[in-house]
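Open the model in your viewer and switch to a cartoon display. The tour moves from one selection to the next.

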Amino acid sequence: MKRITIALDGHASCGKSTMAKQLAKEINYVYIDTGAMYRAVTLYAMRQGYIKADGSIDEAALEADISNIIIMFVYNTEKGRLETYLNGESVEDEIRTMEVSAHVSPIATLGFVRSAMVDLQRLMGEAKGVILDGRDIGTVVFPNAELKVFVTAAPEVRAQRRYDELTGKGLQVDYDEVLKNVRERDRIDSTRAISPLRKADDAVVLDNSHMTREEQMAWLRGAFAVASRD
């Protein structure tokens with residue numbers, strides 16, 4: 001089999017990262033969590049006070065500081081997972097909180113943020129044998145990816161999955177708040193002026209609203225097998 005680039009795009013909380021991580025491990029590919037990169041930038045902006053109490057962003061300050069944001073992925077052997085590092089600090093758990101989720105879509109709409117992250121993603125994935133998931137991987141970052149998958153599910157299903165994930169970590173969250181966040185992120189992601197969320201013309205659609213994780217993985221393995229044939 002030839003080594004290819006795999007692009008998984010789709011809505012928030014539809015399981016893209018989970019599927020990508022598992023497939024990458026199975027086929028010995030490098031997994032690049034692009035969503036975590038934007039979450040890390042959001043966390044940095046929050047820590048620096050660039051996101052104000054009313055939710056507005058000090059764009060000039062963040063743009064002037066963007067070159068000081070260093071993001072990398074490191075495998076934690078003790079926890080058995082890939083972790084996101086922000087300027088040398090593991091922030092894997094902190095970037096998954098509802099507070100970060102509430103601000104990540106507006107941060108991701110900023111042109112200078114997207115430009116910086118796309119450049120980094122292309123650098124990470126230029127050697128093939130990579131899986132990336134996000135909103136614009138197949139349309140902007142790697143438009144020539146050999147396998148493009150657009151993943152989606154009903155908002156209520158995605159909200160329930162997100163709710164279960166957060167409560168499973170011991171966090172106190174409200175389902176209605178999670179559903180509101182999912183719908184708002186869909187709206188922002190799909191209507192932003194720069195690199196909006198959309199299905200690439202040559203992407204295959206995976207609606208996993210009523211699929212088990214095993215069924216999703218079986219589908220993805222099949223798609224990979226076809227795309228990677230010599």
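This is a predicted model: local features need pLDDT of at least 70, side-chain atom pairs count only at pLDDT 80 or more; totals for chains, interfaces and linings use all residues.

At what angle do α2 and helix α5 pack, and how far apart are their axes?

Select residues 34-48 for helix α2 and residues 111-125 for helix α5. They pack at an angle of about 140 degrees, and their axes lie 11 Å apart. Angles over 145 degrees would count as roughly antiparallel, so α2 and α5 are oblique to each other. The crossing of α2 past α5 is right-handed.

**Their contact.** Now show side chains. On α2, select T34, M37, Y38 and V41. On α5, the residues in the contact are V113, R114, M117, V118, L120, Q121 and M124. Sorted by class, the contact of α2 with α5 has eight nonpolar residues, two polar ones and one charged one.

**The sheet.** Next, select the strands. Five of them form an open sheet in the order β2-β6-β1-β7-β8, paired in parallel. Strands β2 (30-33) and β8 (204-207) are at the edges; each has a single partner strand, so one side of each has no neighbour in the sheet. From one strand to the next, the twist averages 20 degrees.

Zoom in on β2 and on strand β6, residues 130-134. Four bridges join this parallel pair. Select D33, and opposite D33 you find D133 in β6.

Notes: Residues are numbered from 1 along each chain as its sequence is written. Side-chain values use heavy atoms; hydrogens and water are left out. Two strands pair if DSSP finds at least two bridges between them. Helices (H or I, at least four residues) and strands (E, at least two) are DSSP runs, numbered from the N terminus. Axes are lines fitted to C-alpha atoms, for helices over the stretch in contact, and angles run from 0 to 180 degrees between N-to-C directions. Contact means heavy atoms within 4.5 Å. Angles under 35 degrees count as roughly parallel, over 145 as roughly antiparallel, 65 to 115 as roughly perpendicular and the rest as oblique. A crossing is left-handed if the near helix is turned anticlockwise from the far one by less than a right angle, and right-handed if clockwise. Ala, Val, Leu, Ile, Met, Phe, Trp, Tyr, Cys and Pro count as nonpolar, Asp, Glu, Lys and Arg as charged, and the others, Gly among them, as polar.
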